[in-house]
Amino acid sequence: MARPRQPLLSRDRIVAAALALVDAEGLEAVSTRRLASELGVSGPSLYNHVATKDELLDAVVDAVIGEVDLSMFPDPDWRSSLDSWARSYRAALAAHPNVVPALAQGMGRRPNALRLADAVFGGLVDAGWPRREATRVGALMRYFITGSALGSFARNFPADASVYENAYPHLSEAHLLAERQQRIDESAFETGLQALLDGLELRFTALATTPRA
């Protein structure tokens, strides 16, 4: 019998299958047995490509981060770069919301995550931000973007108008929030992003006019 042109398993195929499982059912759905079943192979064969479940989940998270566009760095117009990057990052997380809790743990040794950090930090420094400030700006933006993807503000309000009657007079229309979830969440992200960038622009100007000790 002729050998197959491609091996039955590869790390990329395993990670793609795991990501599809996470997208469909969440991080807790990933197990060696379940993944082997999805791929039509025996469980032990997975370990030739991925040593542990933690390593697999790291690879899944890194695959999502790899979807983020970094082509806007470097650019002297750091505000425009941050704006475009933040939107691309949010879009990637919005496409894979079940991955966000694992992403919140930090960069680790994930190659795409480190490339992202390198591109953002380098882009800010090249555009004139002091290195210490560039680190803070990168962290701030990451907190904002991942925080906005962790959950929905609007979805958490009960759609029952009676919940708010009498006791919460300022929330008389809160029962309408859930059905308008996407529009509200997107406009909240837009408001927050512009407010952050406005504040950073003021800080950048102040830093540029303050004599260094």
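A cavity is a set of points, on a 1 Å grid over the protein atoms alone, where a 1.4 Å probe fits but cannot get out; lining residues have an atom within 4 Å of a point. This is a predicted model, in which local features need pLDDT of at least 70, side-chain atom pairs count only at pLDDT 80 or more, and totals for chains, interfaces and linings use all residues. Residues are numbered from 1 along each chain as its sequence is written, and side-chain values use heavy atoms, without hydrogens or water.

**View 1. The cavity and its volume.** The whole structure holds 1 cavity of 30 Å³ or more. The largest cavity has a volume of about 100 Å³. Volume is the space filled by probe spheres set on the points, which are joined across faces, edges and corners.

**View 2. The cavity lining.** Ile14, Val30, Ser31, Thr32, Leu35, Leu46, Tyr47, Val50, Thr52, Lys53 and Leu56 line the largest cavity. Helices are DSSP runs (H or I, at least four residues), numbered from the N terminus. The lining divides into 7 nonpolar, 3 polar and 1 charged. Nonpolar covers Ala, Val, Leu, Ile, Met, Phe, Trp, Tyr, Cys and Pro; charged covers Asp, Glu, Lys and Arg; the others, Gly among them, are polar.

**View 3. The largest pocket.** A pocket is an open set of points with protein on both sides within 12 Å along at least five of seven lines. The largest has a volume of about 510 Å³. Its lining has 19 residues; Arg90, Ser148, Ala149, Gly151 and Asp185 lie nearest the centre.

**View 4. Helices around the pocket.** Helix 5 (78-95), helix 8 (131-150) and helix 9 (181-209) each give two or more residues to the lining of the largest pocket. Helix 9 gives the most, with 6 residues. The pocket lining comprises 10 nonpolar, 5 polar and 4 charged residues.
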